[in-house]
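This report goes through selected local features of the structure shown below, with the criteria for each term given where the term is first needed.

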Amino acid sequence: MPRYYVSLAALAAALIAASPAPKPEAADLNPDLKINEIQVLGTHNSYAMPVDKRLLAIVDPILGRVTTDLPNTLPPAQRALFREEHPNDVSISDGLSYLHPDLTTQLNEGMRSLEIDVNPDPEGGTFADPAGYRLLRAQGATGLLPFNARAMAAPGYKVLHIPDIDFRSHCQPLKQCLAQVRDWSDAHPGHVPLFLVLEAKSSDLPLLPGPTHTVPFTPALFDALDAEIVAVLSRRRLITPDDVRGSHSTLNAAIRAGGWPSLHAARGKIVILMITANGEESTRGYLAGHPSLKGRMAFLRAEPGEDHAAFLMFDNALLRQAQIRDYVRQGYIVRTRSDIEAYEAKTNDLRRANAAFASGAQIVSTDFEHPGNAFGTRYVVRLPGGGVARRNPLLEMPKR
């Protein structure tokens with residue numbers, strides 16, 4: 001090699017060695033803050049792609065007004081919770097009027113929480129032939145918005161919102177979504193911890209002829225889901241219930257005693273938060289053989305005070321703001337929403353977003369992280385102060 005090439009290479013190496021290390025994101029945050037003492041913005045149904053409008057036109061009159069008609073089929077307790085978490089009287093087409101870019105783009109733009117709906121499909125093919133598209137094709141429709149039918153045909157956990165209707169995803173199957181998160185994490189060492197919300201779904205919605213029948217989650221399917229999470233993300237990247245529980249007898253005791261790790265220790269890590277769509281039955285399935293979530297990879301949505309309770313979800317911050325503040329001060333991590341079923345975007349109403357941020361909930365999820373929406377309003381949600389994370393506002397407020 002000519003001598004001047006060696007000299008240039010040596011000079012380049014010296015310059016690199018002398019360059020200061022890049023600052024980590026949110027470098028102004030005290031590294032001793034616990035991860036329950038920060039607040040981040042995330043997206044709801046982060047994987048979702050638009051539903052074909054011709055399909056929405058069929059479904060709208062069938063479903064009627066979501067919060068007035070659909071809950072009537074539920075038991076009283078579930079009906080009350082549904083109406084709390086879905087408080088706006090909207091059509092399904094309005095409720096699905098949001099648009100997210102792919103997961104990598106969202107992470108690049110500062111989202112530090114993503115939500116992914118997980119549907120078991122151990123044999124493959126359960127969701128490969130959606131009834132909605134069959135009906136449209138029977139009516140002569142062509143040029144339907146594409147989805148990954150090949151991935152849907154193979155065995156594995158699938159990512160979709162509503163079978164037969166809202167089944168298009170930026171990533172399919174779940175392994176691909178997790179791999180995109182992993183690859184982004186690898187490319188951004190020292191990132192603020194990511195809160196990855198997985199909603200375990202298996203609810204039939206037999207609205208159309210020949211509907212899809214889903215596969216219920218079982219303890220074995222939850223075991224397989226945990227194994228897939230570890231296989232793609234790796235155990236070293238995760239903050240798990242076992243990590244937080246430490247020597248405490250229960251996870252709930254640990255988080256009440258300040259057991260969450262520091263921001264410094266959690267940089268580059270991922271926290272999995274599990275929602276079970278089928279309520280108590282699915283909750284028991286994830287807890288079966290894992291008291292206080294021992295050995296599990298995810299923090300399961302719980303009721304305050306339960307042995308495994310560390311993660312709570314109160315999506316209606318306008319109704320629950322005071323309770324959210326109380327639970328955050330007790331040590332829980334809480335997810336809430338800034339907008340629900342796109343109603344706030346349609347009416348250009350930031351009251352729910354303002355209540356969500358002021359509540360101190362560590363994770364605020366939105367469907368409108370970008371300017372511009374289907375309703376032509378100026379509604380957009382950003383983390384107050386900018387950046388990817390901020391000190392939890394409750395730390396600045398006196399306790400009552």
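## Basis and criteria

A residue is called buried when its relative accessible area is under 20%, exposed when that area is over 50%, and partly exposed in between, using a 1.4 Å probe and protein chains only. This is a predicted model, in which local features need pLDDT of at least 70 and side-chain atom pairs count only at pLDDT 80 or more, while totals for chains, interfaces and linings use all residues. Residues are numbered from 1 along each chain as its sequence is written, and side-chain values use heavy atoms, with hydrogens and water left out. Helices (H or I, at least four residues) and strands (E, at least two) are DSSP runs, numbered from the N terminus.

Alanine 26, in the loop between α1 (3-18) and β1 (38-43), has a positive phi near 50° although the residue is not glycine, and with a relative accessible area of 15% alanine 26 is buried. Alanine 342 also has a positive phi, of about 65°; alanine 342 is placed in the loop between β9 (333-337) and α16 (343-347), and its relative accessible area of 1% makes it buried.

## The disulfide

If a disulfide is taken as a pair of cysteine sulfur atoms within 2.5 Å, the count is one. The bond joins cysteine 171 to cysteine 177, with an S to S distance of 2.0 Å, and the link is right-handed, with 100° about the S-S bond. Cysteine 171 and cysteine 177 are both buried.

In strand β4 (residues 194-200), seven of the seven residues are buried. In a regular strand the side chains alternate between the two faces of the sheet. In β4, Leu194, Leu196, Leu198 and Ala200 point one way, whereas Phe195, Val197 and Glu199 point the other way.

Strands are treated as paired if DSSP finds at least two bridges between them. Strand β2 (residues 113-119) runs parallel to β4 and is joined to it by six bridges, with aspartate 117 standing opposite glutamate 199 of β4. Strand β6 (residues 270-276) is likewise parallel to β4, the two being joined by seven bridges, and leucine 273 of β6 is the bridge partner of valine 197.

Buried in α10 are Leu221, Phe222, Leu225, Asp226, Glu228, Ile229, Val232 and Leu233. These residues cover an arc of only 160° around the axis, which puts them on the same side of α10, the arc being that of the directions from the helix axis to the C-beta atoms. Ala220 and Ala231, on the other side of α10, are exposed.

Serine 234, which follows α10, has a positive phi near 80°. Arginine 237, in the loop between α10 and β5 (238-239), is buried at 5% relative accessibility. Its side chain makes a polar contact with the side chain of serine 185 at 3.1 Å, where a polar contact is a pair of N or O atoms within 3.5 Å and, within protein, one must be able to donate a hydrogen and the other to accept it, residues adjacent in sequence counting only if both atoms are side-chain atoms. The side chain of arginine 237 also reaches the backbone oxygen of leucine 233 at 2.8 Å.
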